[in-house]
Amino acid sequence: MAAMAAALRGPVARFRSRTRAWTRGTRGAANAVGAGQQQQQQQQSFDLLVIGGGSGGLACAKEAAQLGKKVAVADYVEPSPRGTRWGLGGTCVNVGCIPKKLMHQAALLGGMIKDAHHYGWEVTLPIQHSWKKMAEAVQNHVKSLNWGHRVQLQDRKVKYFNIKASFVNEHMVQGVDKGGKVTLLSADHIVIATGGRPRYPTQIKGAMEYGVTSDDIFWLKESPGKTLVVGASYVALECAGFLTGIGLDTTVMMRSIPLRGFDQQMSSLVTEHMESHGTRFLKGCVPSLIQKLPTGQLQVTWEDHASGKEDTGTFDTVLWAIGRVPETRNLNLEKAGVNVNPENQKIVVDAQEATSVPHIFAIGDVAEGRPELTPTAIKAGKLLAQRLFGKSSALMDYSNVPTTVFTPLEYGCVGLSEEEAVALHGQEHVEVYHAYYKPLEFTVTDRDASQCYIKMVCLREPPQLVLGLHFLGPNAGEVTQGFALGIKCGASYAQVMQTVGIHPTCSEEVVKLHISKRSGLEPTVTGC
Amino acid sequence: MSSPPGRRARLSSPGTSRLSSEAREELRRRLKDLIEGNRVMIFSKSYCPHSAKVKELFSSLGVEYYILELDQVDDGINVQEVLTEISNQKTVPNIFVNKVHVGGCDRTFQAHRSGLLQKLLHEDSANDYDLIVIGGGSGGLSCAKEAAKFGKKVMVLDFVVPSPQGSSWGLGGTCVNVGCIPKKLMHQAALLGQALQDSRKYGWEYNKQVKHNWETMTEAIQNHISSLNWSYRLKLREKGVAYINAYGEFVEPSKIKATNKKGQETFYTASTFVIATGERPRYLGIQGDKEYCITSDDLFSLPHCPGRTLVVGASYVGLECAGFLAGLGLDVTVMVRSVLLRGFDQEMAEKVGSYLEKEGIKFQRKFTPVLIQQMERGSPGVLRVVAKSTEGPETIEGVYNTVLLAVGRESCTRKIGLEKIGVKINEKSGKIPVNDMEQTNVPHVYAVGDILEGKPELTPVAIQAGKLLARRLFGGSLEKVYHNLFWPLEWTVTGRDNNTCYAKIICNKFDNERVVGFHLLGPNAGEITQGFAVAMKCGLTKQLLNDTIGIHPTCSEVFTTLEITKSSGLDITQKGC
């Protein structure tokens, strides 16, 4: 009976709260837009408002809607300086994971065409690659995903606004659409999931004007041609990798180390392989000027830190991949009282994903200290919705998140790098098992496998708990996933050794690891 | 546990003890040393009448034996538990003769009656080898190499009887020559065909006329296999394992006849045998099958493209072959008697089937061939296949270039003289039943790999099992640890604890007892250790330590007199002066 009474009271209560929101809202709007002189203002209120329609935001919104809540998503793609724009779904779908893996696949297929004749396939030369055809196929797939996201929101009755949102006060957000029309949205809970965008080195003359970023590369209609990739993040190396793979003259310019934050031994093997695969590297170099030549090509001037000399080169395209900045500057966070880290502009969150304002949350790339990965954002968004609307109290576990870098030779990893393990437990307490191996598929084609390498970082005390796994080789993502589960379950080296391999695969090399770095023995695997 | 040794101690189940894994390893080493160090080792209980009978037997034979009475040692319960792990026998008496586990009272008497016991007793060093492995496949090779690591004298006999079509190959067994390796490579070739098709959608442009050349592919694959055969030979040599390319056959319990290609016979003896002969494809036993059909033994080295192919059987071998043949562009039909992928999840198996159908493979369900006829010779020729329905009188006919049989595999256990030494096989399947320790009913004969009854037929399983078997048979640890507690002279006067200071060295048993570890707990440890560290760099052995005169009275002299091994379990505490 009590429950029924509560249920009957429900709508009234909500109505009341909406009224409250309304009054607060009007006041806020007055502050923000000045006397409400705008063209007709709409105002709507929700249980949950998500700002940002990327992986995390959409997951959170859909989960909340499924729990019967009234949910809105505000998403707006500010065109890149080059004018590239895209649809719903955020970075991953439009200018990240999805297109990059497809272009990586295109590059892998190029390698397979070369391999095929060893396996008896008679392909007549010449073999060429059409950027246009690939880009069109990739873009069509992305557009179908944009559409799919729209449909999913509609199916779950999530209200979608294509507006640029900013805070008016702690419960009210105003959004401006393409035509300049303003909408006011209020909500009990607000989730910020605006992600990040590529950084431009604005101090370098010509950088903004002539350079592109990962926001543009996947949407280029014509081949980028001879390309200079600046940076050594995974974005930089992945792009350089597939550009080389489809036959473009590609150079990577890096200031210091590759893949900062990843295991450094693995990282240098990755770049070593890329070099042998045809990517040129300019190490210890920093660009200082980009100029457009009369031919339409770009002349890049850079400084070589080692020699102190200046050098120049000519490219068709310059791709900046020097990091990403969180999308927090235009949100008017101060109006809501949401704190950001002044150093990196990321939003400070606690274990509940809550910001400094208890009913405002942040997930995904915009949140401070979170891995910038799609699956973590999705999971965090889902769990957040479940916590907010009473389905569970489970927190997101950010430890041992597996990931893979899709360079020509893929690098999958989970858990601690060797450096982290040593820093955390001390050299004396860490045992690293490692092996170089040759994938069976490489043998017939005589492909170079000198960078196919596996390393498992363990505690030294029996049963030698596995702290991290690092895998460099084909299909690294597929290989790593299962082991990530093992590590979550607290796998020990002893247990890994008790596992029977799947023959003949690359992943069986993991369960055959038996040479420790400490032993100093040659870690080269020969035969079965 | 305060219960007196006796009935209750015997009743206590082995699982209840709380032995740490380290202590367990230690105990296992101790027991291994006992088993290996004594010609006849009897684990017994002083009150056990069966144990007494066994002791009488050995006494009457005039054979010296060593006894460990479990009820008279402190850790008897643990000993019994570890003994169970070593021998898969829970009860006492538990008898080992020349390192071979004979069994309990009954089996010992049985062995005495059959003459096996006398054989085992007289084997000592008279045998040519510690271990002979019959079969150089994944399991056999891994077992042989591992045993060699423990300093054992090991031989591998490997001989490939040519298939009815005449195919033959080198060292390494099924996986390397006619299994996992070539099949995955042909699978890869088929995947690349798919990749070629895909690549156009990803912007790759080239002449549409792409043909597949079977000869190029097989040559590349066979070259890779030859390099593997070679590397296996090399590895055996590196590890000091004798390899003979000859057919092995038991003639006596510890003697084997090796017949080489030329028909020359040689005889070898060993104290332990491991059978790892694996399996070969089965034939249907119908008219024309051995004459005209090929099996997986022939396919991977077939000198010509098989053309239009009928695959008989829907085991994983059948479907894998059908899959890659179709992927290479061939017209493929699979004839299935009953279900696909027996033993696998059937929903998944059917999904595999429908995918293959979508890829263009035809299925003839519930039919089995009854006659194969050659219509035309050639490379490939033309064969006529008559098949009969399994459900009625209906028959169908088909014409193919190649018929590939994939109707199961048969253990190679019937022609290796097992009956002569009494090793039981399952008469129906030809498989060898073994206990959890891979031991056959004849104590010194073991078996690994595909010929085992009820075990998975997979390469990594055989490799792992072979390795573990060798470790159980020969070894535990490669290291020998000497240690002692000592009482520094300076501490005596002051009455400081006499069991604090500890010296330990670790030696590699199979490298001339070279010292590989040096540990000291006591005063001036740094000063003492430095010099020994240099000595270790120079290849210090236990013998050199023994030969060195101590400097008296110092602490460091203790290292010149270390005598007690850790595995002996002897007391190292200092009592009195």
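Predicted model: local features only at pLDDT ≥ 70, side-chain atom pairs only at ≥ 80, totals over all residues.
Analyst: The largest nonpolar core has 146 residues. Those with the most contacts inside this core are A:Trp131, A:Tyr411, A:Met456, B:Leu299 and B:Phe324. Helix H9 of chain B (residues 180–201) supplies the largest share, 9 residues. A second core of 26 residues is separate, and B:Ala258, B:Ile432, B:Val445 and B:Ile451 are among its members.

User: Which residues does A:Tyr411 touch, not counting residues up to four places away in sequence?

Analyst: Among them are A:Leu259, A:Phe262, A:Asp263, A:Met266 and A:Val270. The list also includes A:Thr403, A:Thr404, A:Val405, A:His470 and A:Phe471.

User: How do I read an annotation from a record? Where does UniProt place the feature "binding site"?

Analyst: An annotation is a label on positions, to be compared with the coordinates. In an unreviewed entry, UniProt places "binding site" at B:Gly313, B:Ala314, B:Ser315, B:Tyr316, B:Val317, B:Gly318, B:Leu319, B:Glu320 and B:Gly408. These positions are spread over 96 residues of sequence, yet they cluster in space, with a largest C-alpha distance of 13.6 Å.

User: Is B:Ala314 buried or exposed?

Analyst: Buried is a matter of a cut-off, under 20% relative accessible area. B:Ala314 has 8%, so it counts as buried. This residue lies in the loop between strand S15 (309–312) and helix H13 (316–327) of chain B. Leaving aside neighbours within four places in sequence, B:Ala314 is in contact with B:Leu319, B:Val336, B:Val339, B:Leu340, B:Leu341 and B:Ala406.

User: What about B:Ser315?

Analyst: B:Ser315 is in the loop between S15 and H13 of chain B. Its relative accessible area is 26%, and it is therefore partly exposed. Not counting residues up to four places away in sequence, B:Ser315 touches B:Leu341 and B:Ala406.

User: Which residues form a nonpolar patch on the surface?

Analyst: B:Tyr316, B:Phe344 and B:Leu458 do, with about 300 Å² of accessible area together. B:Leu458 sits in the loop between strand S23 (445–447) and helix H16 (459–474) of chain B. At 42% relative accessibility, B:Leu458 counts as partly exposed.

Technical notes:
Residues numbered from 1 in each chain as written. Chains lettered and ligands numbered in written order. Heavy atoms only, no water. Patch = residues over 30% accessible without salt bridge, like charges linked within 9 Å, V, L, I, M, F, W, Y side chains within 5 Å. Areas by Shrake-Rupley, 256 points an atom, 1.4 Å probe, with all protein chains shown as cover. Salt bridge = Lys/Arg side-chain N within 4 Å of Asp/Glu carboxyl O. Helix = DSSP H or I, 4+ residues; strand = E, 2+ residues; numbered from the N terminus. Buried < 20%, exposed > 50% of the residue type's maximum accessible area, 1.4 Å probe, protein only. UniProt positions renumbered as here; feature names shortened; annotations may be inferred. Contact = heavy atoms within 4.5 Å. Core = buried A, V, L, I, M, F, W, Y, C linked by side-chain atoms within 4.5 Å.
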